[in-house]
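This report describes the fold, the helix packing and the side-chain pairings of the protein chain shown below.

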Amino acid sequence: MKNLRHQLQHLLNPLHLYCRLQQAGLTEAAARRLCVAYERSVYRRILA
């Protein structure tokens, strides 16, 4: 169970998402805006 939780924390991490978005071809600014919105609306609720 710890391993699954660790993997989910990594995959859902905004910095990880930012890197994957840039690899997918988004500009730095667009990836940053999406990650900020994701962190504020989704990620913090998951951790809470």
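The secondary structure of the protein chain consists of three helices and zero strands, which gives the pattern α-α-α along the sequence. Helices (H or I, at least four residues) and strands (E, at least two) are DSSP runs, numbered from the N terminus. The C-alpha trace spans about 35 × 20 × 10 Å along its principal axes.

The model is predicted: local features need pLDDT of at least 70, side-chain atom pairs count only at pLDDT 80 or more, and totals for chains, interfaces and linings use all residues. Residues are numbered from 1 along each chain as its sequence is written, and side-chain values use heavy atoms, with hydrogens and water left out. The pLDDT, the predictor's confidence in each residue from 0 to 100, has a mean of 89 over the protein chain, and 96% of the residues reach 70 or more. Among the elements, α2 has the highest mean pLDDT (94) and α1 the lowest (83).

Of the 48 residues, 19% count as buried; buried means under 20% relative accessible area, exposed over 50% and partly exposed in between (1.4 Å probe, protein chains only). Helix α2 comprises residues 14-23, and its buried residues are Pro14, His16, Tyr18 and Leu21. These buried residues pack against α1 (2-12) and α3 (28-47), where contact means heavy atoms within 4.5 Å. Glycine 25, which follows α2, has a positive phi near 110°.

Two side-chain pairings are summarised here.

| Pair | Type | Geometry |
|---|---|---|
| Tyrosine 38 and tyrosine 43 | Aromatic pair, tilted | 6.2 Å centre to centre, 40° between the planes |
| Glutamate 28 and arginine 32 | Salt bridge | 2.8 Å, N to O |

A search of the whole structure finds one aromatic pair. Rings of Phe, Tyr and Trp (its six-membered ring) pair if their centres lie within 6.5 Å; planes under 30 degrees apart count as stacked, over 60 as edge-to-face and the rest as tilted. Both tyrosine 38 and tyrosine 43 are buried.

The search also finds one salt bridge, defined as a side-chain nitrogen of Lys or Arg within 4 Å of a carboxyl oxygen of Asp or Glu. Glutamate 28 and arginine 32 both lie in α3, four residues apart, about one turn of the helix. An α-helix has 3.6 residues a turn, so residues three or four places apart point the same way. Glutamate 28 is partly exposed at 44% relative accessible area, and arginine 32 is partly exposed at 43%.
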